[in-house]
Amino acid sequence: MRFCCTGLTLLALSRQVAAGPIVLVGAEDDAAPWSYADGTGYVNDVVRAAFKRVGWTARLKVLPYARCKAMAVSGDLVACFSASKTSELQGMLLYPRHSIFEARNLLVSDARSALSGCDFEQWVGHPVVGRVRGYEYIQRVETMFKSGHVGAAESDSEVSNLRKVSAGRLDAALVTVDAVKRLDVVVAQAHHAGHTFKTVCDFGAEPAYVAFSARHPQGRAALLAFEQGYDRLVDDGSIAALQKMWRGKLLDRMRVKPH
C-alpha cells in the first residue's frame, strides 16, 4: 500500500483544516482611523476579530477604495470595506445585518467662506466641492451635485481635498465622520491644524458596511460567518472596547498614508 503523505504533511494538513477558511478582504488605504495604508485601523481590527471568533482567518488587501469596491463586485475579493448600501450596488454586493459604523457627511469650507447652510440653491455663484473618487454619499449630497448649482471635483482622498480648500483651489470639501473618526483627525492629517475650517452643512448619516461579493464563491458563507462573529463581539463588549481604544489614540501618533 502506498501512502500519499508523510506524517509531517498530514500534521500540516490537519492544522490547515483546524484553522478554518481563509478569506481575502479588501481594506481601504486612506480612511483613517477606520482604515490606514499600513493595514491597521478600527474596521481592520473589527473584521479580523469577527472572523477569528468563528474560526476563520481574514487576510486584508490594502488598496484604494474605488479599486477595492470594483474587485469585490467582480468577485476578485471576498469583501471590501467600508461601503454604503446603494441601489446600484445592491445585487452586486451583499450586506450584513449590522453596519460597521454610521458615516456622517459634512460639507467643510474655509472659515472665511461665504457658504452657509444646507440650502445649496441659495449659495452665491457656482461653488466647486471636492469629493472622493468612488465614495458613496448620502442622497442629499447626490441631489446637490445633480442640481447644477454646484460643481464637483474628484480626488483620491479627503485629505487632498481639504488641502485644496485651504489653498483656495476648492470652495468646500465633503468629509465623512463618525464617533471614532472626527473632523479634527482629517484636518490633522492634512497638516493644517492651524488652519481654520468651518462646517457649512451636516447632511446627515448613513450606514457603512463590510460588503461581500455576490460573485465570489466564498461571498455568502463569509457574510454569514462575519455576522455571527460580529454579534459575539457586540455581546461581549469587544466592539465598545475597540471604539474606545481608537478614539483615544493621539493625533500625533497616527499612522497615515503620505499625500
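A nonpolar core is a set of buried Ala, Val, Leu, Ile, Met, Phe, Trp, Tyr and Cys residues joined through side-chain atoms within 4.5 Å. Buried means under 20% relative accessible area, exposed over 50%, and partly exposed in between, with a 1.4 Å probe and protein chains only. The model shown is predicted: local features need pLDDT of at least 70, side-chain atom pairs count only at pLDDT 80 or more, and totals for chains, interfaces and linings use all residues. Residues are numbered from 1 along each chain as its sequence is written, and side-chain values use heavy atoms, with hydrogens and water left out.

**Figure 1. The nonpolar cores.** The largest nonpolar core has 67 residues, and Phe51 and Phe212 have the most contacts inside it. Strand β9 (residues 197-213) gives the most to this core, namely eight residues; helices (H or I, at least four residues) and strands (E, at least two) are DSSP runs, numbered from the N terminus. A contact requires heavy atoms within 4.5 Å. Leaving aside residues up to four places away in sequence, Phe212 touches Phe51, Val78, Ala79, Met92, Leu93, Leu94, Pro96, Gly219, Ala222, Leu223 and Phe226. A second, separate core of 13 residues includes Leu106, Leu162, Ala173 and Val187. In soluble globular proteins, nonpolar side chains tend to be buried together. In this protein, buried residues make up 48% of the 259 residues.

**Figure 2. Aromatic pairs.** A pair of aromatic rings is described by the distance of the centres and the angle of the planes. Rings of Phe, Tyr and Trp (its six-membered ring) pair if their centres lie within 6.5 Å; planes under 30 degrees apart count as stacked, over 60 as edge-to-face and the rest as tilted. The structure holds 11 aromatic pairs. The ring centres of Trp34 and Phe101 lie 3.8 Å apart with their planes at 15°, so this pair is stacked. Trp34 belongs to the loop between β1 (22-28) and α2 (42-53) and Phe101 to strand β5 (residues 101-110), so that the pair links distant parts of the chain, 67 residues apart. Trp34 and Phe101 are both buried. The rings of Phe120 and Trp123 have their centres 6.4 Å apart and their planes at 70°, and the pair is therefore edge-to-face. Phe120 and Trp123 are buried. One aromatic cluster is formed by Phe51, Trp56, Phe212, Phe226 and Tyr230.

Figure 3. On a 1 Å grid over the protein atoms alone, a cavity is a set of points where a 1.4 Å probe fits but cannot get out, and a pocket is an open set with protein on both sides within 12 Å along at least five of seven lines; lining residues have an atom within 4 Å of a point. Grid points are joined across faces, edges and corners, and a volume is the space filled by probe spheres set on the points. Four cavities of 30 Å³ or more are found in a search of the whole structure. The largest cavity holds about 160 Å³ of space. Its lining has 15 residues, of which Trp34, Ser82, Phe101, Tyr135 and Thr176 lie nearest the centre. Strand β3 supplies the largest share of this lining, four residues. By class, the lining of the largest cavity has nine nonpolar, four polar and two charged residues. Here Ala, Val, Leu, Ile, Met, Phe, Trp, Tyr, Cys and Pro count as nonpolar, Asp, Glu, Lys and Arg as charged, and the others, Gly among them, as polar.

**Figure 4. The largest pocket.** The volume of the largest pocket is about 260 Å³. Of the 14 residues that line this pocket, Thr86, Glu88, Tyr137, Gln139 and Glu142 lie nearest its centre. Helix α4 (residues 139-146) gives the most to the lining of the largest pocket, with three residues. This lining has two nonpolar, four polar and eight charged residues.

Figure 5. Asn161 is found in helix α5 (residues 158-166) and counts as buried, at 1% relative accessibility. Beyond residues up to four places away in sequence, Asn161 touches Gly130, Arg131, Val132, Ser155, Leu170 and Ala173. Lys85, in the loop between β3 and β4 (93-94), is partly exposed, with a relative accessible area of 38%. With residues up to four places away in sequence not counted, Lys85 touches Gln90, Tyr95, Pro207 and Tyr209. The C-alpha atoms of Lys85 and Pro207 are separated by 7.6 Å, although these residues are 122 residues apart along the chain.
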